Amino acid sequence: DGFAMRILSEPTGGALTQHAFTSSRNGRLDPDGSLVFLAPTGDSNTQGVINLAPGTYDVEFIWYENAGGAFAEVSTHKGDLIASPLTDRVAQWILLGDGTSLPEQERPFKQPARLTGPVTVKNNVRGTINNVTEIVAHWRGNPTPTHEGMFDEVILNGDGGNGIQGANAGPGNVHQFPNGTGVDQFTTSVTGEFTVLDTNGVAGEVLTFGLFSDDNAGLHILGQSFTGVAGDMDTLGNPEGMTDQWLLGDYRTGNTNAYGLITLQDNTTYDFEAFMLEEGGGAVLEVWVAPGDQLATGFDPTKFFPLTVDVAPTLLSANNGLGLVQGPGTGPSGGTAIPGDYNNDGKVDAGDYVVWRKTNINGQAGYDTWRMNFGRTSGSGSALSAVPEPAAGLLVILGLVGGALVSRRRAN
């Protein structure tokens, strides 16, 4: 039901050090860097990211069982799947204590389309606009926008959070509307272009687009028509009474979840536009795309990709298991870890700032740590390698909790 986990080391002759988790999903981070899930639940299914240099570490894991079944699992996965979940397309989890090495694997679902460049996002006041037809007519008049920006993904949020499906894309892929957070009563226009990628070696790609919005929204691929639709009372139509069939979520709601089926040509670039009306109580506009017909199944984060300029890799890198060994946990080899060395290369430099900027490790405090230690390098020394060489590696730790256990282990 609930648990807490921390990772420690104590270099010979040195002070006991706790190595802090830097981000989490479905749980929380304590101020000391422990990964925790407090409230009782069926399954906690918590993920936490921690950056460990090669070495041997002590692992402390405590949990409790409330009622309804008891189990606990702790697994590891190479990479930061919270900041970059596009890498999470193949199961590469290995139970802690299992020293197995898993080879590289090809993802079962390939990225079907990607942006050729940033999209242009414009905001304007709502006025008396009430539906997609009126939104489109407004923007066709080329009004002067109140705010404008360019973004690498069509994942826009006005509440300071991740939106409807944004948590599946990672915080680095989620953008605030140009007019900022907490704003109501406005309209949005998004324009850009994307290229369809060949995922199966067969001419023509069947794609499912996901349009997620709060409130009314429409998605139009210029010169093309959607042929099927699914979702929350969503429809196909043309707000301008012309030929192309748009994907529409044209009703006032908390969230609009529309799925549209369309067939496009491989290695072909298409222009698109999306429009949204925000009345009150939160603003979201997201466009995702999946290979094949997903109308019956809806959103599956292993199949849907955000409409992004990023190229999702086709292979998942190999993952080495962490076997349990006798301690003590003496920490990273090659000397003591340096505060602010976020890529664990033995020095604090511009590369660590790039890691902080992409992952926001410890927020402003993480930046201050990097700045105060800029230019430092590691000392000499050695330790038994527990986290595998040669890469320091980011490890995502998954806790599935439901019982009562206290253990102290040393990870290899």
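Is Trp 370 buried or exposed? Trp 370 is buried, at a relative accessible area of 12%, where buried means under 20%, exposed over 50% and partly exposed in between (1.4 Å probe, protein chains only). The model is predicted, so local features need pLDDT of at least 70 and side-chain atom pairs count only at pLDDT 80 or more, while totals for chains, interfaces and linings use all residues. Residues are numbered from 1 along each chain as its sequence is written, and side-chain values use heavy atoms, with hydrogens and water left out.

**Aromatic pairs**

The structure holds 16 aromatic pairs. Rings of Phe, Tyr and Trp (its six-membered ring) pair if their centres lie within 6.5 Å; planes under 30 degrees apart are stacked, over 60 edge-to-face, and the rest tilted. Two of the pairs involve Trp 370.

| Pair | Centre distance | Plane angle | Class |
|---|---|---|---|
| Tyr 353 and Trp 370 | 5.2 Å | 45° | tilted |
| Trp 370 and Phe 374 | 5.4 Å | 75° | edge-to-face |

Tyr 353 lies in helix H2 (residues 350-359) and Trp 370 in helix H3 (residues 363-373), 17 residues apart. Helices (H or I, at least four residues) and strands (E, at least two) are DSSP runs numbered from the N terminus. Tyr 353 is partly exposed, at 29% relative accessibility. Elsewhere, Phe 194, Phe 209, Phe 226, Tyr 270 and Phe 272 form one aromatic cluster.

**Nonpolar cores**

A nonpolar core is a set of buried Ala, Val, Leu, Ile, Met, Phe, Trp, Tyr and Cys residues joined through side-chain atoms within 4.5 Å. The largest has 33 residues, and Val 190, Phe 194, Phe 209, Leu 219, Ile 221 and Phe 272 have the most contacts inside it. Strands that each supply at least two residues of this core include S17 (186-196), S18 (205-214) and S24 (269-278). Apart from this core lies another of 14 residues, among them Phe 21, Leu 35, Val 59 and Phe 61. Leaving aside residues up to four places away in sequence, Val 190 touches residues including Val 121, Leu 156, Phe 272 and Leu 285; contact means heavy atoms within 4.5 Å.

**Helix H1**

Val 132, Ile 135, Val 136 and Trp 139 are buried in helix H1 (residues 132-140). Their arc around the axis is only 95°, so they lie on the same side of H1; the arc is taken over directions from the helix axis to the C-beta atoms. The buried residues of H1 pack against S13, S17, S19, strand S22 (246-249) and S24. Asn 142, with a positive phi near 50°, follows H1.
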